[in-house]
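Here is a short briefing on one protein chain. Keep the sequence and the 3D view side by side as you read.

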Amino acid sequence: MYEMRSLHTDAERAKAVALVQDRQRWLTLRDLPVPARADIPALFREPHAEPVGLFEDGLLLACMILQRDPDLGWGTGPCLFLGHVHTLPDRSDDTIRLITLWASDFAARLDLPHVRAETLARHPLDADPIARFLNRLTDMGWDLRGSGTGQTGERVARLELAAEHRPGLDALVSCSVREPQSAANERSVA
């Protein structure tokens, strides 16, 4: 059984940092893009961040930072934003498929119409290696919304997924993720 849960403890956040570092090392060894303008592992340690993880029998398969309604500068309407998604190396496709199903359902439960995400795209979107990855994502239901500058100031491909209730999903992926605060609420707290 899989479990998607908020990462509350220092130990859980440290596991996420280690996963991010492993993934970045794996990408670097394959000459694939790695964020250069932001310390992504440090983002998972920030107290106000909303990191979540996908676990299988206690093993962290993926981690990301959730945001509700961030000001992305693209897309119309409210959304659940999956930021800085990192998966355990060599287990990406199945893990991304589970995240896709979960995120679509979670957004629907929050009454948000869309899930949005960004992925680094330093080359044209129709050139490998990004083209193959984007094709796999569109096969999973994601819509490509072009490219532009992302949250970390680097060129990204913009992705959007329709929210959809998936009543039987909890038999596959249990969920104990707390609802992320909206960007407006985060600004009022700071």
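This is a predicted model: local features need pLDDT of at least 70, side-chain atom pairs count only at pLDDT 80 or more; totals for chains, interfaces and linings use all residues.

The chain holds 5 helices and 8 strands. Their order along the sequence is β-α-α-β-β-β-α-β-α-β-β-β-α. The radius of gyration is 16 Å, close to the 16 Å that the globule rule gives for 190 residues, so the chain is as compact as a globular protein of that length.

**Overall dimensions and surface**

- The C-alpha trace spans about 40 × 35 × 35 Å along its principal axes.
- Of the 190 residues in the chain, 46% are buried.
- The accessible surface is about 9,500 Å². Carbon and sulfur atoms hold 49% of that surface.
- Among contacts with a separation of 6 or more, 68% join residues 24 or more positions apart.

**Helix 1**

- Helix 1 covers residues 10–29, which is 20 residues.
- Its first and last C-alpha atoms lie 29 Å apart, close to the 28 Å expected at 1.5 Å a residue.
- Its buried residues are Glu-12, Arg-13, Ala-16, Val-17, Leu-19, Val-20, Arg-23, Gln-24, Trp-26 and Leu-27.
- An α-helix has 3.6 residues a turn, so residues three or four places apart point the same way.

**Largest nonpolar core**

- In soluble globular proteins, nonpolar side chains tend to be buried together.
- The largest nonpolar core here has 34 residues. Met-4, Leu-54, Leu-66, Leu-82, Trp-102 and Trp-142 touch the most other members.
- Strands 1, 2, 3 and 4 each give two or more residues to this core, and so do helix 3, strand 5 (114–120), helix 4 (130–139) and strand 7 (155–162).
- Helix 3 gives the most, with 7 residues.
- Which residues does Leu-66 touch, not counting those up to four places away in sequence? They are Glu-50, Val-52, Leu-80, Phe-81, Leu-82, Trp-102, Phe-106, Val-177 and Pro-180.

**Second core**

- A separate core has 12 residues. Leu-7, Ala-16, Ile-40 and Cys-63 are among them.
- Ala-16 is also one of the buried residues of helix 1.

Conventions:
Residues are numbered from 1 along each chain as its sequence is written. Side-chain values use heavy atoms; hydrogens and water are left out. Helices (H or I, at least four residues) and strands (E, at least two) are DSSP runs, numbered from the N terminus. The expected span of a helix is 1.5 Å times one less than its number of residues. Buried means under 20% relative accessible area, exposed over 50%, partly exposed in between (1.4 Å probe, protein chains only). A nonpolar core is a set of buried Ala, Val, Leu, Ile, Met, Phe, Trp, Tyr and Cys residues joined through side-chain atoms within 4.5 Å. Contact means heavy atoms within 4.5 Å. The radius of gyration is taken over C-alpha atoms; the globule rule is 2.2 Å times the number of residues to the power 0.38. Accessible areas come from the Shrake-Rupley method with a 1.4 Å probe; for residues, only the protein chains shown count as cover.
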